[in-house]
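Subject: the structure, and what turned up in it

Hi,

Here is the structure I promised to pass on. Have a look at it first, and my notes follow below.

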Amino acid sequence: MTGNHWGDTPRPSHTPRVGIPEQLAPRMTMPEQHDYLRTALTRRGLLRTSAVTAGVVAGSGLTAGSARASSPTLLAASATTAVDGSLVAPFGRHLAFGADPRSQMRVSWQVPFAVRRPYLRVGLTPWDLGRKVEAEVRPLHTPALSAKLPAVEQYYLHAALDGLRPGTTYYYGVGHEGFDPAEPRHFSTVGTFRTAPARAERFVFTAFGDQGVSYHALANDQLILGQNPSFHLHAGDICYADPDGQGSDHDTYDARVWDQFLAQTESVAKSVPWMVTTGNHDMEAWYSPNGYGGQNARWSLPGNGPDAENAPGIYSFTYGNVAVVALDANDVSYEIPANQGYTGGRQTRWLDRRLAELRATEGIDFLVVFFHHCAYSTTNSHASEGGVRDAWLPLFEKHQVDLVINGHNHVYERTDALKGGRVAKKLPVGESVDAAREGIVYVTAGGAGKSLYDFPVPDSYEGHVKDLDHVDTYHWSKGQVKTKDTVEWSRVRYTGYSFLAVEVSPGHRPRMKVTALAESGARIDHFEVTRSHRAG
């Protein structure tokens, strides 16, 4: 990547479209891009309000493509359609925890046409799905933003399950009028999930970022399923429906890529809560001023951050003895400033309070934070985000965060244990660190499936160690300026598809065994994070 281009892939050839002029896009905020697209499309008469094509939402008086529905309208009513419900099969199931993973689960899915009375069935056995929960319909209309792309109508459905038993396996099925998952012919569509335990016990979670739709992404998904994780963290740049991330005249946003992504991910996400946050490619300017209207339509996340409606990728949850905090680094990015400062500082103030609360909570040993833009990376593409360092690193150290997971750079890279931006303890492959005393480890796990980046120096990973005294790199400073760095903290580098698997063990000496696995299943890195005492 060079200059002000925000994307991660080569530019497609120019096609006539109703879009943002290339010379303007890098200087426009997300609200400005949103207003530009809305004004241009309205002026050219491309907004369609037909009930046939957009689907009328019962009782609302709004259509999914109307000018009033500038962001997805969250409705508990069912959409109507002329298509026979028995011919419409749900797909793209994906789970997410509510604010309390011991008792709350959110089930989301998609249908290719609007359906009548969608619902979820749930029970303790696959043959007794007696509890029935009405689903919430979130229709999404995308106009033809490129001459080569059609307008798209998408229907996302969500069911909230509360009052569940801790540490319990549930069976569920999703359906609608004409498609009952409890019927024998649809029995194969029944899925399972398990709530968090009431007390801390051993478990595994997995993580990566920058996935997209590809054979590599699918391969990583299947390896993740083999780890039997309790949940998965996705550090942003989820599907790349927006392949360039800028909104200019070559940015051929295609909403149908979400259909492909959710179908690809379903084999894992239908049973493993898929906890996502937002990357630069997840800012989709058409749907809402901050670009997150599409994410609000497609995902149901815990919603306990500073502003769940406008900032869905900011939240926290606790599983066993681990507290996880999701952040939106678009808010503080110097490199890609389209949403810079959109929370008005609320996210950073919330982070300070929330980390303090979690660190003081009895039974929580480890604090794990994940977000998109890298605090520390040495790739030739994005390198390190100075905005993250300025805004959040002092808080991570103040509250003794144990592990930070990022994406953005499409590689695997891992630091030594750091304090104040300097190496506090060298951490070769296989070594252990006590985060409370010796510093924080930062991991870039961006090799989930999109095209890979490269480093300015050779790879160095398990079985192929090539330690260096320093690496010449850069970080992003205010005003989209690249500032040169010479760093000593780049301990492990791997140019390949990969993901993280973290095994957590509670007890007198709690520990997290962090392993990085390549697409082949080979181990490329492992280290251990311990906590010998609780922070005061």
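The protein has 8 helices and 27 strands; helices here are DSSP runs of H or I with at least four residues, strands are runs of E with at least two, and both are numbered from the N terminus. Before you read on: this is a predicted model, so local features need pLDDT of at least 70 and side-chain atom pairs count only at pLDDT 80 or more, while totals for chains, interfaces and linings use all residues. Residues are numbered from 1 along each chain as its sequence is written, and side-chain values use heavy atoms, with hydrogens and water left out.

First, the overall picture. Of the 536 residues, 60% are buried (under 20% relative accessible area with a 1.4 Å probe, protein chains only; exposed is over 50%, and partly exposed is in between). Contacts are heavy atoms within 4.5 Å; among those with a separation of 6 or more, 72% link residues 24 or more positions apart. The protein exposes about 19300 Å², with carbon and sulfur atoms supplying 51% of that (Shrake-Rupley method, 1.4 Å probe).

H7 (residues 386-398) bends by about 45 degrees at Trp 392, with a proline, Pro 394, following within four residues. Which residue caps the N-terminal end of H7? That is Glu 385, with a side-chain oxygen 2.8 Å from the backbone nitrogen of Gly 387. Among the buried residues of H7 are Gly 387, Arg 389 and Trp 392. After the helix comes Gln 400, whose phi is positive, near 55 degrees.

His 34 sits in helix H1 (residues 30-43) and counts as buried because its relative accessibility is 4%. Its side chain reaches the backbone oxygen of Ala 285 at 2.8 Å, and a polar atom of that side chain lies 3.1 Å from the backbone oxygen of Trp 286. (A polar contact is a pair of N or O atoms within 3.5 Å; within protein, one must be able to donate a hydrogen and the other to accept it, and residues adjacent in sequence count only if both atoms are side-chain atoms.)

Then the strands. E7 (residues 169-175) and E8 run antiparallel, joined by 4 bridges (pairing takes at least two DSSP bridges), and Thr 169 stands opposite Arg 194 in E8. In E8 (residues 191-194), Gly 191 and Phe 193 form the covered face, whereas Thr 192 and Arg 194 form the uncovered one. In a regular strand, side chains alternate between the two faces of the sheet.

Finally, Ala 445 in strand E21 is buried, at 1% relative accessibility. Leaving out residues up to four places away in sequence, Ala 445 touches Ala 207, Phe 208, Gly 209, Asn 406, Val 411 and Leu 500. Its C-alpha atom is 6.9 Å from that of Glu 413, 32 residues apart along the chain.

Cheers

Key:
Bend = angle between axes of the 7 residues up to and from the residue.
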